[in-house]
Amino acid sequence: MSNHGAPSSGLWSWITTVDHKKIAVLYALSALFFFFLGGVEAMIMRTQLIVSNNDFITARTYNAMVTMHGTTMIFLVVMPLSAAFFNFLVPLMIGARDVAFPRLNALSFWIFLFGGLLLNFGFLINEAPRGGWFGYANLTSIQYTPDLSADFWAMGLQVVGLASLIASINFFVTILNMRCKGMTLLKMPMFIWTTLVTQILLFLSLPVITVALVMITFDRHFGTGFFNPGTGGSVVLWQHLFWVFGHPEVYILILPAMGIVSEILATFSRKPLFGYSVMVYSSCAIGFLGFAVWAHHMFTTGMGPWATIFFTAATMLIAVPTGVKIFNWISTVWGGRIQFTTASLYGLSFVAMFTLGGLSGIMHSSQPIDTQHQDTYFVVAHFHYVLYGGAVMGLFGGIFYWFPKVTGRLLHEGMGKVQFWLFMIGFNVTFFPMHFLGVQGMPRRNYTYAADMGWDLWNVVATLGAYMTAVGGLLFFFNLFYSLKKGAVASADPWDGRTLEWSIPSPPPEYNFGIEPEVKVLDDFWAQKYDDKGTKKPSPAAPKYDPKAIHMPNPSYWPIALAAGITLGAAGFFLRDIGLYVSLLGVAVILISSYGWAYEEA
Amino acid sequence: MVSLVRWFKVLFALPFLLGLTACFEKLPMTTVHVVTDWGHDINRVYLITTIITSIVFVAVAVPFCYALWRFREKPGDNRFPEQIKGNHKLEILWTLIPVVLLIFIFLPSLEVIMKRSEAPPKESLVIEAIGHQWWWEFRYPDLNIVTANEMVVPEDTPILVKLKSADVIHSFWIPRWGGKMDNLPGITNQLFYTTPKLVNPEGDYYQGHCVELCGLSHARMRYEAKVVSKERFDRWTEVAMQPPVVATTLEKKGSDLFMGKTCFTCHAIAGTNAQGLIGPDLTNFGNRRTLAAGTLPNDRAGLHHWLRDSVDSPPDYQKVKPGSLMVFAPNFELTEDDIKALTAYLQHSTAKTY
């Protein structure tokens, strides 16, 4: 392929890559690094809470841990890990050679990475963010958080949000415009559908938090009073803005994992996904309704009966398409020939754990019940069941499922299954008792608790479960490094899959498909392998093509440069005397990079 | 096969049984043992919801677990499953049934929401609960009483609690009385209750806790509602704002220290020179069970611990109340004798009989 002699290995090839498959790996490795960081933050918190009145860490450190654990897991783990899957799979599953805007794709990654580092920079100067992952005004105002911690949070999140916003446009256009011949919308794999809905949610909701973060930054540094009750501002305004983003955000977090689970369960039951079109409509309904429920996070702010009734009803309503999905997944495995691999174990556990999380969610969808649950460990239990038992388990299933396609080697199944059980048992031992702690009135975001409350037993249990999870995590990292070097070599189609990515070698060539595929039905690859009765069809002859005639986009160093410029511009807010100059330098880098980018040969 | 079924029964029965014990233990902050109408209304909705979600759980778990066992791949199994794509009837069924079940949860919820939106009884006793970092100010505007961290109320009486904040968002919650409501700066929210009937003639204490992250000592912002008989409450209102009675030399020394050192600049004690508004009002301090917003018992050891820690710890790194505004210059001296005197003054002089 004509690529002007681009290097295919080495650090420079990774820094300048615009190949969606390499960018996917960059996202995944970064996300796993932040997963380790977020895990350490969790372990520190659980150790502090193992006994009442503990002094393992100070209140200040604890509040930073609780803030950064949430912020890291949501924005620097689940979202980029999902992005890794979008990156790797979207072109492959729709039969394309790359995304619509390859350099923009690289830009998104570098902005995310630099933003994630900016978010964590506060740790280095003992000013890590400590106002909660939701940064409620007016605790985060300059009056009550005079140091830079709230700025690291606001500007770090601003930069990271930009990455997702840019990527959402990229994937939206790719999915709509670059599907191969014959792949109508209702012949796309389920994962592509959930990805599509996720991108729509991203580009509609991110601008809201962008605006909110600009407002809080201006309040803190330029004397505005949007959220300052002393000057006529409103603290509730922050909550509305944050949650109008924040609620669609949780569907952004769960939909990709739901798509992954749909793929995994179909493959390992050797049956199609049950109710494909209903699953598509349910995903769209969840996305749409996701914008109508935000104020259930504000049930205790005194909104008045009509808003309260509306949001109670809307929140209950969204349970319907969600439940429909669960029933369809169960029907997918029903009557199948279920293979228990590490990937399918994760997929199956998603169904179970997400159901539990959904049921606890139904409880506090009712505002009267929520007035007892809000800000207690009952809510902590609920969202960990859906985000950890749900999203994280689904994503790990995806890692085990597609690792052979990405690397050409299989992750070690024995280690994988041990690690799965450590995660599954550890997770339930930690979070199931938190329902009890919530009913017993234990508030959230408390760096310690008193000895006369009766919360000691379940806190010990929860902490022990966390330690078990930590062992599972370490085993996973060991498996990863081991299998990269010594894993069993994988064929193109090790799981007998149903979708197009399994029709090309493991790992795929840079150009993915030698000849653009043409599909006739949903799960076309499966239909080419088997007829309706299960008789294997003869494999079609390998298509002939000239790899040198395929032009792939050139690598470029402008994306990383532009990302650095944007981050410098944002970082200027933190530096007291030279801040303005750093931001101006950032603007200069942005201008130069944009110019270089625009005039570069694609 | 039999042992597998037994494992499943254990796996599902255990959390259920543990849940029951957890629910029915009568802990200070329990949401189960409620004592007001509102609390009972909430728990009625909660019971209906728990029953319905349990039914849904069984309806999902049983087919799922059965399918995993029945349709698992066995060695030598090369069955090609029927490639069923869907079933319209099932889709309609499992869309409509959840809708119906949710209506059974929604309607009782609606009832409670509407009931809580009614105007509170006109004769309600009004109490203002003002959240501060990190303590609770209670004002009784019609009785001209100001106190802190212990909200004294008469039994079986409608009360209207007006929720305000002096700084950031806090949240008022007495779990055994019902749900919570936020104290938003710049806005006045309200909660109304009919206080429970007296159980213990000496007085009943109900635990409360701030439930919105409000800074470093959010975890140390407890308070108590003290329910007493109506007669005793009336006697309390008469003595609550009376000046302290200094009887012994030690108490006199304590009073001099309080008014001479920096205490009076932040704290108020009715009828004295101390009229500070930054810290909790200490007029009735001797009668309170706890200090530092429920963090320490109000006895000799507790007060000693509080004073020592406040004076000796660097700001933001106190052990009792991290971030507390009760900070002193590094060379500030508070001797053990000073503490004895202050303790005598604060715990005895300010205590009233009622």
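Helix α7 of chain A bends by about 30° at A:W243, the bend being the angle between axes fitted to the seven residues ending there and the seven starting there. The model is predicted: local features need pLDDT of at least 70, side-chain atom pairs count only at pLDDT 80 or more, and totals for chains, interfaces and linings use all residues. Residues are numbered from 1 along each chain as its sequence is written, and chains are lettered from A and ligands numbered from 1 in the order in which they are written.

Helices (H or I, at least four residues) and strands (E, at least two) are DSSP runs, numbered from the N terminus. Helix α7 of chain A covers residues 235-269, and its end C-alpha atoms lie 51 Å apart, in agreement with the 51 Å that its 35 residues should span at 1.5 Å a residue. The expected span is 1.5 Å times one less than the number of residues in the helix. The helix is largely enclosed by the rest of the structure, because 30 of its 35 residues are buried. A residue is buried if 20 or more other C-beta atoms lie within 10 Å of its own, exposed if 12 or fewer, and partly exposed in between, with C-beta atoms placed from the backbone. Just after α7 of chain A, A:R270 adopts a positive phi of about 60°. Helix α5 of chain A is mostly covered as well, with 24 of its 29 residues buried. From first C-alpha to last, α5 of chain A reaches 42 Å, close to the 42 Å expected at 1.5 Å a residue.

Chain A as a whole contains 17 helices and zero strands. Along the principal axes, the C-alpha atoms of chain A fill a box of roughly 75 × 60 × 50 Å. Of the 602 residues of chain A, 59% count as buried. Two residues are in contact if their C-beta atoms, placed from the backbone, lie within 7 Å. Among contacts in chain A between residues at least 6 apart in sequence, 82% join residues at least 24 apart.

Most residues other than glycine have a negative phi, and most peptide bonds are trans. Several sites in the model depart from this pattern. In chain A, the peptide bond joining A:A137 and A:N138 is cis, with omega about 0°; A:N138 is found in the loop between α4 (102-121) and α5 (149-177) of chain A. The bond from A:S506 to A:P507 is also cis, with omega near -10°, and A:P507 is placed in the loop between α14 (456-486) and α15 (524-529) of chain A. A:N53 is not a glycine, yet has a positive phi of about 50°. A:N53 is found in the loop between α2 (20-48) and α3 (59-94) of chain A and counts as exposed, with 10 C-beta neighbours inside 10 Å. In chain B, B:A293 has a positive phi near 55° and occupies the loop between β11 (290-291) and β12 (296-297). B:A293 counts as buried, with 24 C-beta neighbours inside 10 Å.

The contact between the chains takes 78 residues from chain A and 77 residues from chain B. On the side of chain B, α1 (2-24), α2 (37-70), α3 (88-116) and β7 (181-183) each supply at least two residues. The residues of this side divide into 44 nonpolar, 19 polar and 14 charged. In this classification, Ala, Val, Leu, Ile, Met, Phe, Trp, Tyr, Cys and Pro count as nonpolar, Asp, Glu, Lys and Arg as charged, and the others, Gly among them, as polar.

Chain B is divided into domain 1 (26-70 + 87-118), domain 2 (125-231) and domain 3 (249-349), with bounds that come from an automatic or database domain assignment. The C-alpha centres of domain 1 and domain 2 of chain B lie 30 Å apart. Between these two domains, 12 residues of domain 1 are in contact with 10 residues of domain 2. The side of domain 1 that touches domain 2 has six nonpolar, five polar and one charged residues.

B:I339 is placed in helix α8 (residues 336-349) of chain B and is buried, with 20 other C-beta atoms within 10 Å. Leaving aside neighbours within four places in sequence, B:I339 is in contact with B:H304, B:L307 and B:L334. B:I339 and B:F24 are 315 residues apart in sequence and 42 Å apart in space, C-alpha to C-alpha.
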